[in-house]
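Please have the sequence and the model at hand.

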Amino acid sequence: MPPLISSAIILRHVDYGEADRIVTVLTPDHGRLKGFARGARRSRKRFGTALEPFAEVRLHWVPRPGGELVSLREAELVSLRTGLRRDLETLALAGYGCELTEALFDEAVGFAEAFGLLRAFLDHLDAAGASAGARLLMELRLLTLAGIVPHLQHCAECHGALPEGPVGFDAGRGGSLCPGCGGAAAGLRVDRLTLGSLGRLLQTPLERFADIRLSPRTLQEGGALLADALRGHLPKPLKSAAFLAGL
Ligand SMILES: [Zn+2]
């Protein structure tokens, strides 16, 4: 069987035995794949540096019926994204983007867009370095692609209008809550202007990260809101998120 060829972003790898490597990648056409790269640490010819995390490659691979691991034959390097290694924060945020993408998408759905989003996120960090704005955009867009973005600009329960000023937010109840639906008792308070900003960000092109300015309030309140929204959808806390928080 001739190998299939897919664009792929390397999410992570683990060494196996003396010379082999098990690599997890994201592809636009086959979703997440886990592959066995025989001799990857010895044969520079077939894989070179192309299996490093965050690299983008053209991957030659063969499915193995019934097996969890596909067989990786060759990886042509498209971009190593060395700019991600400029500082620890950028590297950590890149790792967070990959781990979050993997956690929110299972093996079956919506991968072409998730791939495009992750590629744009990594390219942006590669060129511009880490920023709170890039993180917020990535989280908001991943929630949208996964179909789990909370109600922002209307009450999640009665769909009524929200008052000016601080609004109650509870991701567990679907998002923003008006006073009549108990918004005042919600754990999180977010200004309606922040909710409006997040709503406008949802209208921006999925793959655009440059030249989007966010106010300190949007970053602070929006970050807390997204953390609340993500918590309910992650099977366990992400290691990369804890690492980022510790920097
Ligand atoms: Zn309501």
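Helix α3 is largely enclosed by the rest of the structure, because 11 of its 14 residues are buried. Here, buried means that 20 or more other C-beta atoms, placed from the backbone, lie within 10 Å of a residue's own. Helices are DSSP runs of H or I with at least four residues, strands are runs of E with at least two, and both are numbered from the N terminus. This is a predicted model, in which local features need pLDDT of at least 70, side-chain atom pairs count only at pLDDT 80 or more, and totals for chains, interfaces and linings use all residues. Residues are numbered from 1 along each chain as its sequence is written.

Which residues of α3 are buried? Among them are Ala134, Arg135, Glu139 and Arg141, along with Leu136, Leu137 and Met138. The buried residues of α3 pack against α1 (88-104), α2 (111-128), α4 (192-201) and α5 (216-231).

Just after α3, Gly147 adopts a positive phi of about 75°.

Now step back. The protein chain has 6 helices and 8 strands, in the order β-β-β-β-β-α-α-α-β-β-β-α-α-α along the sequence. Its C-alpha trace spans about 65 × 40 × 30 Å along the principal axes, and 35% of the 247 residues count as buried. Of the contacts (C-beta atoms, placed from the backbone, within 7 Å) with a separation of 6 or more, 60% join residues 24 or more positions apart.

Conventions: Buried ≥ 20, exposed ≤ 12 C-beta atoms within 10 Å, placed from the backbone. Contact = placed C-beta atoms within 7 Å.
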